[in-house]
Amino acid sequence: MKRWIGRALVAIGMLHTVFGVVVFSSVWAELFREGVLNTVNQQPMRSVAYWFLFFGFLLLLLGALVDWCEAQATTLPAFLGWGLLAMTLVGVAVMPISGMWLALIPAIGLIRQQVASAPKVLA
C-alpha cells in the first residue's frame, strides 16, 4: 500500500495554514500587538482568521494520523473517507471558489483504500 493519502492531507493543511498566515497577516499582526489572549471576541475578521488557521492545523493533525496509519498498514475506517467526502462536498457547495476541491482527492483515496481492503464475499 502506498503512503499518499495522509501526505496529501498534510500538504493541504500546510497550504491552508500558509495561505491563512499570508492572507490574514494584517489581522494576525493586529492581534499579536494586542496580546493574543481574548482578542478575537466580537471581531468577525479575527474570527475568520483564527478558524482558518485552526482548521489548517486540524488538517495537519489528521494528515499526520492518516500517514501514520498508512505506515502501519492499518486499514482506516470507512466513515473517515465518507465523512471527509461529505464535508468536502458541502464545503464546495457553500464555497465553490475555494481550495476545498483539493480534499476530494484524499477523500476518494480513503474510500478506495477501504473498499480495496474490505473482505471479499463469494457469491
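Modeller: Let us begin with Ser25, which counts as partly exposed at 41% relative accessibility, since buried means under 20% relative accessible area, exposed means over 50%, and partly exposed lies in between, with a 1.4 Å probe and protein chains only. This is a predicted model, in which local features need pLDDT of at least 70 and side-chain atom pairs count only at pLDDT 80 or more, while totals for chains, interfaces and linings use all residues. Residues are numbered from 1 along each chain as its sequence is written, and side-chain values use heavy atoms, with hydrogens and water left out.

Biologist: Where does Ser25 lie?

Modeller: Ser25 lies in helix α2, where helices are DSSP runs of H or I with at least four residues, strands are runs of E with at least two, and both are numbered from the N terminus. Ser25 and Pro96 are 71 residues apart in sequence and 24 Å apart in space, C-alpha to C-alpha.

Biologist: What makes Ala73 count as exposed?

Modeller: Ala73 has 54% relative accessibility and therefore counts as exposed. Ala73 is found in the loop between α3 and α4, and has a positive phi of about 60° although it is not a glycine. Most residues other than glycine have a negative phi.

Biologist: Why is Val36 called partly exposed?

Modeller: The relative accessible area of Val36 is 33%, so Val36 is partly exposed. Val36 is found in the loop between α2 (25–33) and α3 (44–71), and its phi is near 65°, again a positive value in a residue other than glycine.

Biologist: Why are α1 and α5 called roughly antiparallel?

Modeller: Helix α1 (residues 5–23) and helix α5 (residues 104–117) pack at an angle of about 165°, with their axes 9 Å apart; axes are lines fitted to C-alpha atoms, for helices over the stretch in contact, and angles run from 0 to 180 degrees between N-to-C directions. Angles under 35 degrees count as roughly parallel, over 145 as roughly antiparallel, 65 to 115 as roughly perpendicular and the rest as oblique, and α1 and α5 are therefore roughly antiparallel to each other. Ile5, Ala8, Leu9 and Ile12 in α1 meet Pro106, Gly109, Leu110 and Gln113 in α5, where contact means heavy atoms within 4.5 Å.

Biologist: What makes α2 roughly perpendicular to α3?

Modeller: The axes of α2 and α3 come within 10 Å and cross at roughly 105°, and that makes α2 roughly perpendicular to α3. In this contact, Val27, Trp28, Glu30 and Leu31 in α2 meet Met45, Arg46, Ala49, Tyr50 and Leu53 in α3.

Biologist: Which residues touch the most other members of the largest nonpolar core?

Modeller: A nonpolar core is a set of buried Ala, Val, Leu, Ile, Met, Phe, Trp, Tyr and Cys residues joined through side-chain atoms within 4.5 Å. Of the 13 residues in the largest one, Leu9, Val66, Leu76, Leu84, Leu85 and Leu110 touch the most other members. Helices α1, α3, α4 and α5 each supply at least two residues of this core, and α5 gives the most, with four residues. Leu76 touches Val66, Cys69, Leu110, Gln113 and Gln114, not counting residues up to four places away in sequence. A second, separate core of seven residues includes Trp28, Leu31, Val40 and Leu53.
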